[in-house]
Structure formats: C-alpha cells, structure tokens
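Have the viewer ready and follow along.

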Amino acid sequence: MLFHIVDREGITILLQERMETHPFTNSEQQVIDYLLAQQRNIKNQTTAEIAEVTYSSKSTLVRIAKKLNYPGWMALKEAYLNELDYLEKSISCIDANYPFSKRDSLMSIANKIAQLEIESIEDTLSLVTHDDLRKVVDIIAKSSSIHIFAASNNLLVAQEFSHQMSRIQKDVHIHSLQGEIWFNAYLAKPDSCALMITYSGETGSLNRVAEILAEQEIPLITITSLGENSTARLSEAILRLCTREKLYSKISTYSTDAAINYLLNVIYSCVFALDYDKNVALKIAASRRIENDRCSDSDILRE
C-alpha cells in the first residue's frame, strides 16, 4: 500500500503533491488535472475510459505511473484512491503537532490529548491488514530472538515491549549504542529477526543497519509512516503508523508514540495468542511466585 514517498531530506510527500508539482508533458498534465478534479470518481473507470475522456492513450497513463515511481497505472490508481481514503479518515479538529494552545484550560488540554491519542490509534488500526500482521507474527514465531533498532524516544517506547515479551520467554535485545548498532546487526544470529521503529524511514544510521541486516539475510520488520522510504524497501514486513506529525515543528510526539505503543501491544498480544493457555499459566505462576508481597484492600484488585 503506497500512499506517498519520502524525499532526500526525509520529508514526507503526499502522492497528490507529487502529482501537482512533477514536470509532466502537456498530454500527461491533462490526465493529472482530471485525476485531481475527479478524485474518487475514477474508482470504477477503466484505463480506456480515462484515456478517452482526457484525449490521451493507455500508454500515456502508464508513462505517468512510471514517472511517479509506480509499476503501472493500476498501482498508481490504487495508491491514489487509498491516499484519498486515508486523508478523509484522518481529518481532525486537533492538530497533532500543536494539540493545545496557551489559552487552553487544564481539563481542555487533558481532553485534547486523550482525543488525539484515541484518533491516532484508530487511524493506525485502519492501516493494519491481516496479511501484514500475519507476516510479522510468523517471522517472530520462527525466530530465536528479536533485535530492536530505533532512535531517540522510540527506544523508550520499545522498552515496555521488550519487558512484556521477556515475561513469555521471548528473547529481545534493544540496541541503542551509536556505532555499535552496526556491529549488532552484522553479528545477529541467522535464526533471529529484527524490528526497526522509524517514523520517517530515512534515518541514516538506521538505514545502514537495515542494509547490513539485508546483507546478512536477517528478516526485518519495520514500523514506519505511510509511503515508500529507504527502510521500508529493505523490509520483509511493514506495519504503518498514522502519519500526522511533522519531523521537527511540534510540542511532542503524542500521536506517534500512541501509534507505536499500540502496534507493539498488538504484536505482543498476537504472539501471546500463539500459545495462549501456556502463556497465561506462565504469567500467573511467575507473578504469584515472584510478586507474592503485593496486596490490596480493593475488591477489584484483590485475588
């Protein structure tokens, strides 16, 4: 599912923006103008019908797709319609970059952050497909260990995932030491896999890690924003994040953190479900044995 690409500077570009700014020929521009004007109306139109109404040819349509980095017209059409669907679902009165202002009250801020996180999770869920999730779970199930590569606060979000997975005896290694992450990727065991978390997919150090993993034939799962990017191209499985935040101009990574945390919880839960009864028994037995000093007067908490 390709919606938009990332330029050399790592800035996310919508497919519509590329359509509007790419230097097409006059005949190609007629087709582009038609697509931008008609939008969803092209859904049930055949290639021949679009060519006829724009006074062009099927070969012109294919040429346009190639110029926009798609293998053919149908791939471009599908990506365009998917992007329209995503953008419509993503409309919100809350700005992910500046969700509150200096004039908001305390409870107004509390409500806006809650709404933003809810929308971010729902938005991300709409991008998850069964096949993508199945592929991720299958890779992890076959692997002896999981190597996590990320940067900045994404490493903090990954800590809880590592903790949860360790409680069901899944071996997880978080690699964060700059300069060493390339050695970690190179020395990864053949029966392991890697999980990379990168919003733009264009972080230089992580891209080098992805290249090393590909050379070593270590399966790479990537959690990233929408569109085509360098890391995604080297990945065996991809889960997409809602894409609302700018790279730098924002108060915090509220939306991205909520989305990443949600996807990691989904992965953990799906892996847990592979051997549900055993993992439930293991969790309960371990907690009762190790955490037996915990107690509560609450009827809700008490066991």
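Helix H8 passes helix H12 in a right-handed crossing, meaning that the near helix is turned clockwise from the far one by less than a right angle. Keep in mind that this is a predicted model: local features need pLDDT of at least 70, side-chain atom pairs count only at pLDDT 80 or more, and totals for chains, interfaces and linings use all residues. Residues are numbered from 1 along each chain as its sequence is written, and side-chain values use heavy atoms, with hydrogens and water left out.

**The helix pair**
- The axes (lines fitted to C-alpha atoms over the stretch in contact) of H8 (residues 153-166) and H12 (residues 254-274) come within 10 Å and cross at roughly 20°.
- That makes H8 roughly parallel to H12, a label for angles under 35 degrees.
- In contact terms (heavy atoms within 4.5 Å), H8 residues including Val 157, Ala 158 and Phe 161 meet H12 residues including Ile 260, Leu 264 and Ile 267.
- By class, this contact has 9 nonpolar, 4 polar and 1 charged residues.

- Thr 124 sits in helix H6 (residues 106-125).
- Thr 124 is buried, with a relative accessible area of 0%; buried means under 20% (1.4 Å probe, protein chains only).
- The Thr 124 side chain reaches the backbone oxygen of Ser 120 at 2.8 Å.
- Not counting residues up to four places away in sequence, Thr 124 touches Arg 240, Leu 241, Cys 242, Ala 259, Tyr 262 and Leu 263.

**The whole protein**
- There are 13 helices and 7 strands, taken as DSSP runs (helices H or I, at least four residues; strands E, at least two).
- Of the 303 residues, 44% count as buried.

Conventions: Axes fitted to C-alpha atoms, helices over the stretch in contact; angles between N-to-C directions. Parallel < 35°, antiparallel > 145°, perpendicular 65-115°, else oblique. Nonpolar A, V, L, I, M, F, W, Y, C, P; charged D, E, K, R; others polar. Buried < 20%, exposed > 50% of the residue type's maximum accessible area, 1.4 Å probe, protein only. Polar contact = N/O pair within 3.5 Å; in protein donor to acceptor, adjacent residues only side chain to side chain.
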